[in-house]
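Trainee: I have a protein model open and would like to learn how to read it. Could you walk me through it, feature by feature?

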Amino acid sequence: MIDQGLEHRSAAVTEMPDELRHDVRMLGKLLGQVLAEQGGEDLLADVERLRKAVIAARRGEISADVITDMVAAWDIERAVQVARAFTCYFHLANLAEEHYRIRTLRERDAEGRVQRESMAQAVHELGHDRVAELLEGLELHPVLTAHPTEARRRAVVTAIQRISGQLTEYNTPGRGASERAESKRRLLEEIDLLWRTAQLRSTKLDPLDEVRTAMAAFDETLFRMVPQVYRALDAALDPGTGTRPPQARPFVRYGSWIGGDRDGNPNVTARVTRETIQIQSEHVLAALEAACLRIARTLTAAATLAPCSPELKTALAATVAAHPGVVSELATRSPREPHRQWLLFVAARIAATQRRDLDLAYRSPADLLADLRLAQESLAATAPRQAYGELQHLIWQVETFGFHLAELEVRQHSQVHAAALEELRAGGELSERTEEVLATIRVIGWIQERFGVTACSRYVVSFTRSADDVAAVYELARHALGDRAPVLDVVPLFESGQDLANSPRVLSGMLEIPQIQERLAATGRRLEIMLGYSDSAKELGPAAATLRLYEAQEELTAWAAKHDVKLRMFHGRGGALGRGGGPANRAVLAQAPGSVAGRFKVTEQGEVIFARYGHIAIARRHLEQVTNAVLMASSPSVGARTAAAAERFRGLAEQVAVASEQAYRALTEAPGFPEWFGLVSPLEEIGTLRLGSRPARRGLGAPRSLDDLRAIPWVFAWAQTRVNLPGWYGLGTGLASVGSLEELRAAYAEWPLFNAMLDNAEMSLAKTDRSIAKRYLALGGREDFTRQVLEEYDRTRDLVLRVTGHTRLLENRKVLSRAVQLRDPYVDALSHLQLRALRALRTGQPSEQERDRLSTLLLLSVNGVAAGLQNTG
C-alpha cells in the first residue's frame, strides 16, 4: 500500500532518511498484505486507486472531481473499509516516525556533545552558580487534563504499543535471520489485530476511564523518566554523579484535573474525585514497592564489605522487637546483608500502606523518606555508588510523587458557586447541584486527612470576574465543614479578553479576603492564578489572544512586584495551535520577562499526553527542553533582551492585535455564522464520537453562538475541514495593518513571542489545504463566508512567508515539513471520504439505516484525519 506511494518525487520524500523510509515501507507492505488477506485483492486495489489518485491530484495531473466520483461509486461498506485502511496507515506511519525520532535522540546523545535545549546547555550558558541558585526555587508543574482530543480508543493505543515493541525487536542490531523473520511474523500478527480492532468506541468514556488511561502514562513512562531528568541535571552541574550527594533537587510536580474538573461535566462527582485519588495512590504505591523490591533484591553487599551504620543497626533491632515475624523471615532470606534486609522491610511497609494495614503502614511519604535516607547514609560511608545510584532514584521518586502521585485539582464554574450560595443563604431545601458542591469540598477534606494538604488543595474557579467569586469558595467551605474546612488555595481562572484586562483588579480584591491573607502568610506570600488560552483564542482570534495574554502577564508581573507577592501563572494551553498549543519550550521563552521566575505550570491536554509521554526517551527530551527553557527564561540577561524587544514593538503588537481581532470578530460574530459552521464541519457528529466524558457544548441543541461551544470541538472540527481556522484567522489582516515589512521582520527576529506566534501560525497554515477546504466551505451555502475565509487564508499565508523570509511553509523545519508533506495526500483520501458522508448527511434525505452507515463512515474518517494531522484539538 505504502511502498509505491513513497516513490512520488516531492522534496519531503527525497529528504526522507533511509531508516525511516525502510520502516514506513515495511509496515506499509505488511498492512497491504493484511488488507489483501482480510478484504481481498479488490479492497487493496481500491485503496491503491484512491492513493494514486490523491497523489496525482496534488501534482495537478487530475481534477479532484475524479476522486469525488470514485469515492461516490463505492458502496458505503467499501468506503468504510478504505477509511479504516488509511487510518491504520497513519497509526503505522506515526509509529515509524516516533521510532526514527528516538533513534535520532540516542545518536545525538552518543556523540558526547552538549545537546541543544538540554539542561547541560543551560548550565554551560548560564554557569554553575546561576543554575544552582535557580534550583532553589525551580518548579516545573505539568497538569494532566482529560480534554477529549485523543480520538484513539485505548485498545487501539495498546495495539500500536505492541507493534512498537515488535518494531524495536526487528530493528535491534546483531539479530540473526531467523530472529528477524520471527519479529516480522509477529509484526504481521499485530498489524492484523490492529486492522481487526474497532476504531470507534461503542460506549462513552466515564471520568474513571479517563483516570485509568492517564495512569498508563505514569506506569509506562513518568515514574521511570523523572529520576533520569534529575540525574541528567546532576551530571551537568558537576562530575561524579552517583558517587556523591546529589546537587539536583526534585523540581517536577505533576498535577491532574482528571477526575477533578467538573466545570460543565456533570459526570465528575464527589464520588469520582474520591475514587480518582484512590486509583492514583494504588498506582504510585505499587510502583514504589516494585522499585524498592528491585533495589533490595540486588543490594547483596555483605556486612563485612559494606558494614551498616550504628543508626541502621539500632533501627533494625527496633524493627525486630516491633515486627519479629516479618524481620526474622527477612533475616533468614538475607543473612549478613543488613542493607538488603532493611530495604526489603521498607518494601513490606509500602505494601502494607497500600492495603491499609495500619500496624505496618507508613503514615506519610516523609516517614518513608526517613527510612530510605537511613539506608542511604549508612551506605554512603562505605559504598557511595550504592547510596547515590538507584537508591537515590527511589528517593527522588518518593519526593516527586508522594503517596498520591499527582496533585488532584478541582475546577468549577463561578456561576455554580453563586447559585449554591444563593440557595444556602435563603435556607430551605438544597438542590442536587448545591449538595454536590458541598460534597466536593468534604471530599477535599477527606483527601487532605488521608494524603496530606499537597494531595488536593487547589480549587480553580472558571470565569472569575471579581474577588467575590474567589471568596465564594471559602464561604461554601464553611457551609460544608464549618471549622474543619480544608486548606484551600483558590485559583482564579481568567479566560475572556475582558477578564484578562480586569485580572490585576481582581487580585487586589483577593488580598482583602482573610483566608487569602492566611495562605499568603503560610506560603511565603505565594499566590497562583490561571490564564485560559482556549477560550480567549476562540473569542479574540489567535493573534489577538496571544498578544493580549502577553500584555496581561506583563501587568500581572508588575502587580506582583508592587504587592510583594510571588505570583505563579498557570498556563491553560491546549494541545492544538488554536488552543494555545505548540512547542512547550518555545512557549516558555516567549513569556513576559519576570513572569516565569523559575516556576512554570502548564496543562498537558488530550493527545499531547501520549505524544509527549508515550515513550520514555521522548518524554525525557520534552521535560529537558522545558526545564532548559524555564532556566533560560529566568535569566536576567534573557529577560532584559525580551523586555527590550517587547518595548520596541509594543505599538506594532497593538496594531496587529486590534486589526486581527476586528477581522476575526467580523467573521465569527456575523449573523448566521454558527449555523454555517455547523453545516460545513462535522461538529454535530463529533459530539457522538465518544471522545471523552465531558459534553462538547454548554447547553443542548445546536450552538446559537460561539459562547455555547467549547474550544475543544471548535478547534477539532476546523481541523477536520482542513481549514484550521483557529490557528491563523485574522493574523494576515493584523500583519497587513502594520504597513512596514521591515518592522515586522525585525519583530520576528528579535521578539520571542512574535517569532513563536508566526511560527505556530505557519505550522497551522501548512496543515491547511485550500482546495479541499473550499469543498467543505461550499456545503454551507454562504459564498460570502467562504470568500472571507479563503481571502484571509491567502493574505495570511502570503504575509507570513514574506515576514519569515521563507519561500514555502515550514521551509526551516525539515522534520515537520517532511511529516506534513508525506501525510497530506493520505489525509486528502480520508477528507474525500468524509466529504462524501458529510454531503449526503447535509444535503440528502437518507433513511435512518443509511444515516447510521454514513455516520459510521464520517466518524471513521474523523478518527483517521485526527491520526494524520496529529495536533488537531
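Predicted model: local features only at pLDDT ≥ 70, side-chain atom pairs only at ≥ 80, totals over all residues.

Trainee: Which residue forms a salt bridge with Arg58?

Mentor: Here is the general idea: side chains of opposite charge can pair when their charged atoms come close. In this structure the partner of Arg58 is Asp769, and their closest N and O atoms are 2.5 Å apart. Arg58 belongs to helix 3 (residues 41-58), while Asp769 sits in the loop between helix 35 (752-766) and helix 36 (770-778), so this pair ties together parts that are 711 residues apart in sequence.

Trainee: Is Asp769 buried or exposed?

Mentor: For that we need a cut-off: a residue counts as buried under 20% relative accessible area, and as exposed over 50%. Asp769 has 9% relative accessibility, so it counts as buried.

Trainee: Which residue does Asp65 meet in a salt bridge?

Mentor: The side chain of Asp65 meets that of Arg775, at 2.7 Å from N to O. Asp65 is in helix 4 (residues 64-73) and Arg775 is in helix 36, so these two tie together parts 710 residues apart in sequence. Asp65 is partly exposed with a relative accessible area of 42%, and Arg775 also counts as partly exposed, at 22%.

Trainee: What are the helices that hold Glu539 and Arg665?

Mentor: First, the contact itself: Glu539 and Arg665 form a salt bridge, with their closest N and O atoms 3.3 Å apart. Glu539 is in helix 23 (residues 534-540) and Arg665 in helix 29 (residues 650-668), so to speak linking distant parts of the chain, 126 residues apart. Glu539 is partly exposed at 28% relative accessibility, and Arg665 is partly exposed with a relative accessible area of 23%.

Trainee: How many salt bridges does the count come to?

Mentor: The count comes to 57 salt bridges. Some residues are linked in a network of them: Glu139, Glu407, Glu409, Arg458, Glu528, Arg568 and Lys601. As for charges in the whole chain, there are 108 positive and 111 negative side chains, and the centres of the two sets lie 3 Å apart.

Trainee: Let's step back to the whole chain. How many helices and strands are there?

Mentor: The protein chain has 39 helices and nine strands. Its radius of gyration is 28 Å, close to the 29 Å that the globule rule gives for 873 residues, so the chain is as compact as a globular protein of that length. Along its principal axes, the C-alpha trace spans about 85 × 75 × 60 Å.

Trainee: What share of the residues counts as buried?

Mentor: Of the 873 residues, 60% count as buried. The accessible surface comes to about 33,600 Å², and 50% of that belongs to carbon and sulfur atoms.

Trainee: Where does Ser183 lie, and which residues does Ser183 touch?

Mentor: Ser183 lies in helix 9 (residues 177-196) and is buried, with a relative accessible area of 4%. Leaving aside residues up to four places away in sequence, Ser183 touches Gln166, Glu169, Tyr170 and Arg175.

Trainee: How should I read distances between residues?

Mentor: Tyr533 and Leu549 are 16 residues apart in sequence and 7.9 Å apart in space, C-alpha to C-alpha. Phe610 and Ala331 are 279 residues apart in sequence and 43 Å apart in space, again C-alpha to C-alpha. Tyr533 is buried at 7% relative accessible area, and Phe610, in helix 26 (residues 607-613), counts as buried at 10%.

Trainee: What about the backbone angle phi?

Mentor: Most residues other than glycine have a negative phi. In this model, Arg356 has a positive phi, near 65°. Arg356 lies in the loop between helix 14 (338-354) and helix 15 (365-382) and counts as partly exposed at 46% relative accessibility. Leu810 is not a glycine, yet has a positive phi of about 60°. Leu810 lies in the loop between helix 37 (783-804) and helix 38 (814-843), and is buried with a relative accessible area of 1%.

How values were computed: Residues numbered from 1 in each chain as written. Heavy atoms only, no water. Helix = DSSP H or I, 4+ residues; strand = E, 2+ residues; numbered from the N terminus. Rg over C-alpha atoms; globule rule 2.2 N^0.38 Å. Buried < 20%, exposed > 50% of the residue type's maximum accessible area, 1.4 Å probe, protein only. Areas by Shrake-Rupley, 256 points an atom, 1.4 Å probe, with all protein chains shown as cover. Lys, Arg positive; Asp, Glu negative; His and termini not counted. Charge placed at Lys NZ, Arg CZ, Asp CG, Glu CD. Salt bridge = Lys/Arg side-chain N within 4 Å of Asp/Glu carboxyl O. Contact = heavy atoms within 4.5 Å.
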